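The structure comes first, then the points by topic.

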Amino acid sequence: MAEKIRPVRGMNDILPDEAAAWQHLETEARRVLEAYGYREIRFPHVERLELFARSIGEDTDIVEKEMYTFEDTGGEILALRPEGTAGCVRAGITNGLFRGQTHRLYYLGPMFRHERPQKGRYRQFHQVGVEAFGPATPDLDVEQILMARRLLQDLGVEGLTLHLNSLGKPADRRVYREELVGFLEARRDSLCETCQERIQRSPMRVLDCKVPTCQEAVAEAPEITDFLGEESRAHFDRLRALLDAAGVPYELNPRLVRGLDYYTDTVYEWTSDQLGSQATVVAGGRYDGLVEEIGGPSTPAVGFALGIERLLALVAPERVPEPHPSVFIAPLDAAVETDAMALAESLRDRGVSAWYHCGGGSLKSQLKKADRSGARLALVLGEQEQAEGTVLVRDLASGEQEALARREVEDHVVHRSS
Ligand code: ATP
Ligand code: MG
């Protein structure tokens, strides 16, 4: 045997047994998002590196070390998309979407980040992403939070906590940043090496560091919410009032900064207590400056991304509908093959899902397969049935069976499977 070719580390195969759960999640996501007026957008999995560097930010984990970048044979520097917002905004700009109307968009698909693979963290992972463009008002932020809540609820996921913060406008953040840098410099020695480097370049990321000594050191750090300008304060107050009115509980978390540079005002995460250290299932926020920053017209926007692998880990298997046919067709002999195949095709013509057994085998073995398929009925055709012009119709749950005339079988099956 030839040597096996190893798969790429951190990139998973999704086998048919697992795909049912994926499809269930995707179907539910489409249903819920479309009920709120969101429409699907599809854009490439590959973009110019520059797009991500400019939108996500040079000093972020993603751009610093997590991206898959390469030069193509034409000499272009490209990257596999590490997230969807940048590409979605780029597609909107390219196609002239941002001309004043509101756009509510969603996408589903793979993202790529070169991280250390572990449970809940992969190098190819999948997101459901949602972005809305137009209104700068907090009703749009709240709509998305309600939408995420509904999707999670409809999938039967419980025990999630919504963490909420506001990062204000860039001007608010500049003032805050100075205060924070002063605070961190005074505690430089208690910070981990990475955070020491971050103090000047990207001080807010220190707040997000998972190292316990860093967390202790920033416990008393100044809080961004004390630095919000009037407009951001009003946005945040209104957002909270709307969430309260909708009965959505949340925890204010002034240390929630998110790992991307483009956020303004609202940021939030939903976390689960069931996922260990990879606890965040949904993360989102407002990014009013991004469209303009990558060359589009000034367009306020808000969005979230949901990690599909992490969410799937929370969906109970019994909630996932198993695909199964209505009928299983068992041809017992090569001589009946043309008849049996024609029967299967005519049933499919009439909208019945019919699985046809290929490869021959005894009645017993075929009936075992029929049982395993989850079909309600098995249609058995042997030489005897063919000679008599009948088909044996077997109810797989009760084991009862009767021989029906070939011309009656289709109506019978259509009737019983509707
Ligand atoms: P984390 O702090 O866990 O690294 P992040 O802030 O980098 O997350 P986002 O860029 O906000 O993540 O992505 C949104 C969601 O996508 C996350 O909340 C998570 O559910 C999922 N996600 C992000 N990175 C990965 C990954 N490498 N593998 C699996 N899911 C991921
Ligand atoms: Mg990350």
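Strands here are DSSP runs of E of at least two residues, numbered from the N terminus. The model is predicted. In it, β6 (124-133), β10 (280-286) and β11 (301-307) each contribute at least two residues to the shell around ligand 1.

**Shell around ligand 1**
- Ligand 1 is surrounded by 14 residues, and the closest are R113, E115, R121, R258 and T280.
- Sorted by class, the shell around ligand 1 holds 5 charged, 5 nonpolar and 4 polar residues.
- With 3 residues, β10 gives the most to this shell.

**Polar pairs and cover**
- The side chain of R113 places an N or O atom 2.7 Å from an oxygen atom of ligand 1.
- The side chain of E115 has an N or O atom 2.7 Å from a nitrogen atom of ligand 1.
- For R310, a polar side-chain atom is 3.1 Å from an oxygen atom of ligand 1.
- On its own, ligand 1 has 580 Å² of accessible area, and the protein covers 88% of that area.

How values were computed. Residues numbered from 1 in each chain as written. Chains lettered and ligands numbered in written order. Predicted model: local features only at pLDDT ≥ 70, side-chain atom pairs only at ≥ 80, totals over all residues. Heavy atoms only, no water. Near = heavy atom within 4 Å. Polar contact = N/O pair within 3.5 Å; in protein donor to acceptor, adjacent residues only side chain to side chain. Areas by Shrake-Rupley, 256 points an atom, 1.4 Å probe, with all protein chains shown as cover. Helix = DSSP H or I, 4+ residues; strand = E, 2+ residues; numbered from the N terminus. Nonpolar A, V, L, I, M, F, W, Y, C, P; charged D, E, K, R; others polar.
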